[in-house]
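Values will be set against their definitions.

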Amino acid sequence: MEIKYMYYVKRFLAALIDVVIIAFIMLIYIKVRNGSYNLNDENVSSAIFIPFFYLYFILQEFIFKTTVGKRIFSLSIKCNKNHNLIRIVLRNLFNFIEIILPFIYVLVVLITGLTGKKNPRKLGDILSGCYVSLKKENV
């Protein structure tokens, strides 16, 4: 049970780090575009933010099988079959929905975690056949 608890904590902290990195990069984008960090004058367009958000996760998970946040906590993406771009895109397709409606994420991860799955999964993990793996030796 302690291993699953640490898994949840590490996965949450890894996601938090990734979101902070995305926010920092968006701030740099605003600075370059506007010449200042004044967020009151202009919001980051969803036409820029949403593609960047998805590319951040998809490219790292496809190329490195992890993200910066996941790497810090020794987490990596594993797939039941072959690790390919289609699976990674499908895995990340529901990220925005899970951020907007976090109860969906929490509910699915808790249910898959409590039903005895070795690694709790989110909705995108279930549909793609992938999961986030925690190296036991680093728990």
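Predicted model: local features only at pLDDT ≥ 70, side-chain atom pairs only at ≥ 80, totals over all residues.

Q: What makes the contact of glutamate 61 and arginine 91 a salt bridge?
A: A salt bridge needs a side-chain nitrogen of Lys or Arg within 4 Å of a carboxyl oxygen of Asp or Glu. The side chains of glutamate 61 and arginine 91 meet at 3.2 Å, N to O. The pair links distant parts of the chain: glutamate 61 is in helix 2, arginine 91 in helix 4, 30 residues apart.

Q: Why does the salt bridge of aspartate 125 and arginine 11 tie together separate parts of the sequence?
A: The N to O distance in this salt bridge is 3.1 Å. Aspartate 125 lies in helix 7 (residues 123-128) and arginine 11 in helix 1 (residues 2-34), so the bridge ties together parts 114 residues apart in sequence. Both aspartate 125 and arginine 11 are buried.

Q: How many salt bridges are there, and which residues does lysine 122 join?
A: The structure holds five salt bridges. In one of them lysine 122 pairs with glutamate 98, with the closest N and O atoms 3.5 Å apart. Lysine 122 lies in the loop between helix 6 (102-114) and helix 7 and glutamate 98 in helix 5, so the pair ties together parts 24 residues apart in sequence. Both lysine 122 and glutamate 98 are buried. Salt bridges with shared partners also join Arg11, Glu61, Lys70, Arg91 and Asp125 into one network.

Q: What makes a stretch of chain a helix or a strand?
A: Both are DSSP runs, numbered from the N terminus: helices are H or I with at least four residues, strands are E with at least two. The protein chain has seven helices and two strands. From the N terminus on, the order is α-α-α-β-α-α-α-α-β.

Q: Why is the pair of tyrosine 7 and tyrosine 8 called edge-to-face?
A: Rings of Phe, Tyr and Trp (its six-membered ring) pair if their centres lie within 6.5 Å; planes under 30 degrees apart are stacked, over 60 edge-to-face and the rest tilted. Tyrosine 7 and tyrosine 8 are 6.1 Å apart, centre to centre, with 70 degrees between the planes. That makes the pair edge-to-face. Tyrosine 7, at 3% relative accessibility, counts as buried. Tyrosine 8, at 25%, counts as partly exposed.

Q: What makes the pair of tyrosine 54 and phenylalanine 96 tilted?
A: The ring centres are 6.3 Å apart and the planes stand at 35 degrees, so the pair of tyrosine 54 and phenylalanine 96 is tilted. Tyrosine 54 is in helix 2 (residues 46-63) and phenylalanine 96 in helix 5 (residues 95-100), 42 residues apart. Tyrosine 54 is buried at 18%, and phenylalanine 96 is partly exposed at 23%.

Q: Why is isoleucine 63 called exposed?
A: Isoleucine 63 has a relative accessible area of 54%, so it counts as exposed. Its place is in helix 2.

Q: Why is strand 2 described as largely enclosed?
A: Four of the five residues of strand 2 (residues 130-134) are buried, so the rest of the structure largely encloses it.

Q: How do you know that strand 1 and strand 2 are paired?
A: Two strands pair if DSSP finds at least two bridges between them. Five bridges join strand 1 (residues 75-79) to strand 2, and the two run antiparallel. Cysteine 79 has cysteine 130 in strand 2 as its bridge partner.

Conventions: Residues numbered from 1 in each chain as written. Heavy atoms only, no water. Buried < 20%, exposed > 50% of the residue type's maximum accessible area, 1.4 Å probe, protein only.
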